[in-house]
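Here is a friendly briefing on how two parts of one protein chain meet.

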Amino acid sequence: MALTAQFSALFERSLQAYCEERSLNPTQLSDQQWYQLVAQVAHQAALQFFPKNAPLVDTRKVNYLSMEFLVGRLLGNNLQNLGVYQYVVDEVAKYGKTLVDILEQETDPAFGNGGLGRLAACYLDSMASLAQPAVGYGLHYQYGLFKQSFDWAGRQHEEGDAWGRDFFPLQSHRADFRQPVGFAGEVRHIAGDKYEWQPAWTIYGEAFDLPVVGYKGVQQPLRLWQGCSETAFDLAKFNDGDYLDSESMVIDASKITKVLYPNDNHQNGKELRLMQQYFHCACSVADIIKNHLAKGRTLDQLAEFEVIQLNDTHPAIAIPELMRLLLDQYGYSWEKAWAICSKVFAYTNHTLLPEALEQWEQNLVAKLLPRHLIIIERINLELYQQVKACFTEDELANVWDETAIIANNRVRMANLCVVGSFAVNGVAQIHSDLVISDLFPAYAKLFNGRFHNVTNGITPRRWIRQANPLLSALLDQHIEGDWTQNLELLRQIEPLAENSAFQTAYAEIKQQNKQALAQVIEETLGIQVNQNAIFDVQIKRFHEYKRQHLNLLNIIATYQELKANPDMPFVPRVFIFAGKAAPGYFMAKQIIQAINNVAHVINHDPEMQGKLQVAFLPNYSVSLAEKIIPAADVSEQISLAGKEASGTGNMKLALNGAITLGTLDGANVEIAEFAGEENVVIFGHTVESVRELREKGYVSREYYEQDEVLRKAIDALADGSFAGGNQEIFEPLVYDLLNKDYFCVLADFASYREAQQEVAKRYQNQTAWLKSTILNTARLGSFSSDRSIRDYQTRIWKK
């Protein structure tokens with residue numbers, strides 16, 4: 001109540017001042033002006049009235065380093081967590097405005113792209129809500145990854161996502177938090193373990209803070225670094241007529257935070273990406289040390305009060321950076337520095353794909369970060385002694401091949417993370433088991449007790465309360481207690497799963513959400529979809545292991561079946577896709593083009609209207625996900641078993657009442673366990689059977705030759721049926737499926753088709769279907785990111 005009163009007074013003062021400055025009355029303000037006003041008030045309220053973090057006794061402050069934070073639109077979420085959402089709804093209504101329309105004026109900040117960044121954002125929300133002392137550290141990107149569109153041929157087109165970084169009202173520019181970052185140059189040995197690095201050039205990082213507002217918790221910063229030069233402008237060069245070079249340093253420094261994940265298909269891209277990662281780490285580690293020392297503590301106490309959580313391998317260079325500072329700036333011996341450093345870092349692994357574990361050419365590290373390479377070489381040497389002492393001579397060669405940080409003239413960042421961290425965790429139980437058994441078995445023996453599991457989670461404040469207000473209102477009516485703070489309370493609706501009145505209410509909410517999504521599809525793509533069809537959703541980053549092309553082959557086969565048997569019984573289906581492919585990922589972009597081309601043919605076939613439709617919504621974002629997820633009937637989680645670390649989209653969709661259609665991969669295993677296997681649809685090879693398939697010698701062409709339905713679907717891709725007769729466009733995709741198919745798409749096709757038929761069969765019995773969807777909502781409360789953070793607190797971050 002006190003906060004609402006304070007917010008009310010601030011709101012009224014701000015509204016009056018805002019209108020007086022513009023000589024307008026409140027009824028004359030546009031939605032955009034209302035957005036700017038409400039955002040400014042919410043930002044001030046978070047900083048002035050909301051409590052700062054109160055340190056807990058049994059946990060350290062968490063410094064969460066991530067190259068991306070996919071925060072989504074923040075204003076609505078902040079108003080919810082401040083407890084003033086309804087107040088603002090009522091206030092703007094006095095002037096003929098709706099808060100929903102005002103919130104639509106906000107653009108998604110381009111600080112992230114995929115599940116990695118969204119997980120980081122969920123964790124910041126939960127840490128603030130649980131009063132876990134924390135700071136998130138990322139980069140203040142100007143353009144993010146890219147803005148996605150599709151050209152006339154269905155190809156992905158990328159352009160800079162100019163989202164409005166310099167005018168975002170929910171951030172504070174902290175020009176006083178400025179960090180120098182050097183690159184290249186020379187290294188001189190001083191004495192003992194101390195060296196002097198003289199960089200060839202230096203840029204600076206300036207901090208921009210976004211307050212992360214917790215639900216009934218605290219606010220704490222997401223600190224984002226932006227590249228800038230030492231001097232903003234060379235007036236002498238400008239006066240001499242050198243107009244371009246006068247700003248060259250500004251331009252060069254700003255490149256470091258232009259885009260997320262610069263394309264590294266060429267050497268310049270590799271250099272920029274490594275520079276970007278080091279810039280992020282150098283600024284963040286310096287800030288951590290400065291804040292630690294400002295509290296009157298010594299660096300000997302660093303590990304007692306601070307933990308640096310590495311979200312994947314992108315921030316791995318923070319380990320040698322901390323060592324460099326301890327050795328060269330603060331004069332520690334190697335032994336004392338390593339004793340501190342190795343107790344500070346914890347590493348979250350997010351992938352089992354060997355090609356996704358970052359490696360840098362040793363020569364490139366030597367060129368850009370010469371002092372860090374010396375430190376990494378020393379860590380590698382010390383590691384070799386440990387390995388030699390732990391394993392027999394017969395084992396040594398193979399074990400060293402697996403564990404060496406430097407191998408084949410490349411620096412292996414995942415290995416650096418494992419060696420330099422006191423804890424390593426996977427993000428779903430099956431993933432964590434495979435990290436030990438398949439990815440790092442030697443490390444598991446070498447570092448007994450270092451490996452843990454913390455299954456991912458999602459914040460219910462964003463993904464139910466904000467994304468699905470209709471469902472939230474229904475839950476509020478039937479649950480005692482605050483389920484947004486304790487998601488396990490969803491169990492209270494389990495007895496209502498077969499209650500006809502509750503089923504009716506739940507079904508009406510789903511239908512309203514489907515109507516809203518259908519409107520988005522029509523406005524975006526010009527397609528009127530059947531709102532009574534099954535909404536079958538696959539929304540995620542495009543990658544071959546996620547197997548969007550398995551979904552595609554089934555769509556083609558279904559289309560062919562309907563064309564051959566137009567009168568056959570068929571449960572109408574709308575297949576909905578969204579997701580981006582990395583600019584340099586050719587095969588993923590081929591799959592995107594194929595989906596768009598198939599969609600074009602199907603959607604323009606009069607016989608398919610109301611039966612089979614395909615909608616690929618461009619430029620996937622958090623805001624778009626908030627529209628798709630509440631409307632989904634089926635959640636496609638069809639990665640090859642053993643390849644998806646966890647996933648979080650599967651959790652969001654299931655909690656909002658979508659039935660999981662998936663393999664036993666990532667968190668699908670736990671979803672099936674908690675929801676009940678009868679309330680999901682599982683298909684395909686398991687981790688064990690995939691291993692057996694490979695050992696026997698997997699030949700994908702055999703599946704093509706033996707399965708007529710599969711053969712016809714692939715032939716249609718090959719013969720130009722979906723490319724205006726052009727047989728060359730999808731030749732690379734077809735060739736890969738028939739001759740390589742590393743992710744076993746063809747091996748799982750028949751099982752997937754059967755699973756799709758099972759979905760259609762279940763959907764026709766709406767009473768049983770609704771029971772399953774309700775039980776998914778009721779039984780999956782453990783997938784809250786609050787639970788994940790508590791697991792981190794007890795298993796990893798405790799003092």
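The notes below go from the domain layout to the interface and its makeup.

This is a predicted model, and its protein chain is divided into three stretches of interest: domain 1 (1-49 + 73-107), domain 2 (62-71 + 110-360 + 420-454) and domain 3 (467-683 + 751-787).

**Layout and contact**
- Taken over C-alpha atoms, the centres of domain 2 and domain 3 lie 34 Å apart.
- Domain 2 brings 33 residues to the contact, and domain 3 brings 36 residues.

**Buried area**
- Between them, domain 2 and domain 3 bury about 2800 Å², with 57% of that area on carbon and sulfur atoms.
- On the domain 2 side, Gln148, Phe150 and Leu353 account for 19% of the area buried against domain 3, more than any other three residues.

**Polar and charged links**
- Two salt bridges are found across the interface of domain 2 and domain 3.
- Lysine 216 pairs with aspartate 482 in a salt bridge, where the closest N and O atoms are 3.0 Å apart.

**What domain 2 presents to domain 3**
- Helix H6 (115-129), strand E3 (147-150), strand E4 (156-159) and helix H17 (429-439) each give at least two residues to this side.
- H6 provides the largest share, five residues.
- By type, the residues on this side of domain 2 split into 16 nonpolar, 12 polar and five charged.

Methods. Residues are numbered from 1 along each chain as its sequence is written. This is a predicted model: local features need pLDDT of at least 70, side-chain atom pairs count only at pLDDT 80 or more; totals for chains, interfaces and linings use all residues. Side-chain values use heavy atoms; hydrogens and water are left out. Domain bounds come from an automatic or database domain assignment. Contact means heavy atoms within 4.5 Å. Buried area is the accessible area (1.4 Å probe) that two parts lose on being put together, summed over both. A salt bridge is a side-chain nitrogen of Lys or Arg within 4 Å of a carboxyl oxygen of Asp or Glu. Helices (H or I, at least four residues) and strands (E, at least two) are DSSP runs, numbered from the N terminus. Ala, Val, Leu, Ile, Met, Phe, Trp, Tyr, Cys and Pro count as nonpolar, Asp, Glu, Lys and Arg as charged, and the others, Gly among them, as polar.
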